[in-house]
Amino acid sequence: MLNKKIKKRLSLLLAMVLCLSVFWVAPFAFGVDGVEINESTFPDPVFRRIVADVYDRNEDGYLSVAERSATYMNLSGRIDIDENGDPVETIDNLKGVEYFTSLTMLRCGGLGLNTLDVSGLMNLTLLTCQGNNLATLDLSYNTALLTVNCSDNVLTNIILPMSTEFESLNCYANSLEKLNLSGVPGLRSLYCHQNELDRLDLSSNTSLNEINCQQNHLTSLDLSRTALDSVTQYEIGNQSVTVKAVPNGNKIVVPFSGKGLNSNTNYRGCSLDAFEDGSGFQGDQFVAYDVDRIKDGITYECYPMLENSQNMDVTINVTRDFYQVAFFADEAMENKLGIHMVPAGEAAEPVQITETPQCKTFESWSGDITSVNEDMDVYVIWKDSHSYVPYAIDADKDTVTVRCGSCGHSYNVSFSSIVNSKTGDENFDECIDVVNDGNINAKDFAQLLKDLG
């Protein structure tokens, strides 16, 4: 009897469940097919508004499968701009775009994006996201991509898909220090100018027939394995590199280690020839014997590995934490005695003076070399060092000629004008004080007459 009651109750409970399921089927199925447009699915309010306005065609607050089947999404130009053409609103991210899995083309340039995740858009063949604030861009999942324009961002890293079909990359005006193109051997067009690249390996890109890589930090370039026919200096030149110079005795060394100029495997040659003073390119360094060779940088032309390529001009901006002190024999600064390289703020060691002008002795250098904080040219300030002695006395018995025994330089002095002067007086002349008592008087006159008269 008890078992029958239990069975009856179970039957009623099952019937209730079946009835309730009828009411829940429709909403559950709709939830599977539709994506609600809310803060969770589309966090950025501007992007959420655009999705609602453009893609929610029946305005029910949901995106159906049909509404999400768009193949082309152009967000550029859909945000409000002011009278100067500047955006008055921005889109931080495109979270929610992954629901549009059928997209083959996505244009989202100039929106103010800080992040962009397109990893869920497997069918993308074209992506333009230029003029945003993107620092990284991972396209490794987008193996159908053919064309990407991510120029004018702040990219420091971009990961390209491994694809033989990928053919066009425009990533100019970013901050890329590296660019790996080995996974896109079918690349035909490359615009990577105005970045921070110090190397560009195009050995895998045998289909490349269009390039602009100017305004990077390339010091050499091998284009020989590409399909490029001819390249202009505008397309590859205006390169610059910053290198710190180091002093090495009396010379300046500007190292190029790791800059691609330590072998000729990726260039045909360069114009860094030796100068008359011995300065010039030596293997993996540039050597100079005067700071004037590097003060305004070192400019040279590299001859790329491509027969019809114009030369690539490179400027080496040289930094240093030392200064040059050049020593000269006199104020004319024609006879250079030597050059010393001095760490900033330290004292320069004076050069050895081997030749002294006749009847001169060293007094000082023309500049302060005890704390050097700039490049300096200094010269010797000499003082007279004559061996003067009384030489003759005129018939008037007053005018005394004093002459240097070494060089013959002479001058005249009137005895009457200095008589009674003492050591320290302005008119005292020690050459006339022949008795060496510190006074010029009759005793000196008598001795002069005796010696010269």
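Pro255 sits opposite Gln285 of strand E17. Two strands count as a pair if DSSP finds at least two bridges between them. The model is a predicted one, so to speak of local features takes a pLDDT of at least 70 and side-chain atom pairs count only at 80 or more, while totals for chains, interfaces and linings use all residues. Residues are numbered from 1 along each chain as its sequence is written, and side-chain values use heavy atoms, with hydrogens and water left out.

Strand E17 also has a partner in strand E16 (residues 280-282), with 3 bridges in the antiparallel sense. Gln285 turns up again here, as the bridge partner of Gln282. E16 and E17 make a hairpin with 2 residues between them, and Gly283 in the turn has a positive phi of about 70°. In general, strands of a sheet pair through backbone hydrogen bonds, either parallel or antiparallel.

Further along comes an open sheet of 3 strands in the order E24-E25-E26, with antiparallel pairing. Its edge strands, E24 (388-393) and E26 (410-414), each pair on one side only. Neighbouring strands of this sheet are turned by 35° against each other on average, direction ignored. Strand E25 (residues 399-404) is joined to E26 by 5 bridges, and Val402 has Tyr411 in E26 as its bridge partner. Helix H5 (residues 442-452) lies across E24 and E25, running at about 75° to E24. Axes for such angles are lines fitted to C-alpha atoms, for helices over the stretch in contact, and the angles run from 0 to 180 degrees between N-to-C directions.

What about the loop between helix H4 (415-418) and H5? Thr423 has its place there. Thr423 counts as exposed because its relative accessibility is 58%; the cut-offs are over 50% for exposed, under 20% for buried and in between for partly exposed (1.4 Å probe, protein chains only). Leaving aside neighbours within four places in sequence, Thr423 is in contact (heavy atoms within 4.5 Å) with Phe428 and Gly438.

Note on methods:
Helix = DSSP H or I, 4+ residues; strand = E, 2+ residues; numbered from the N terminus.
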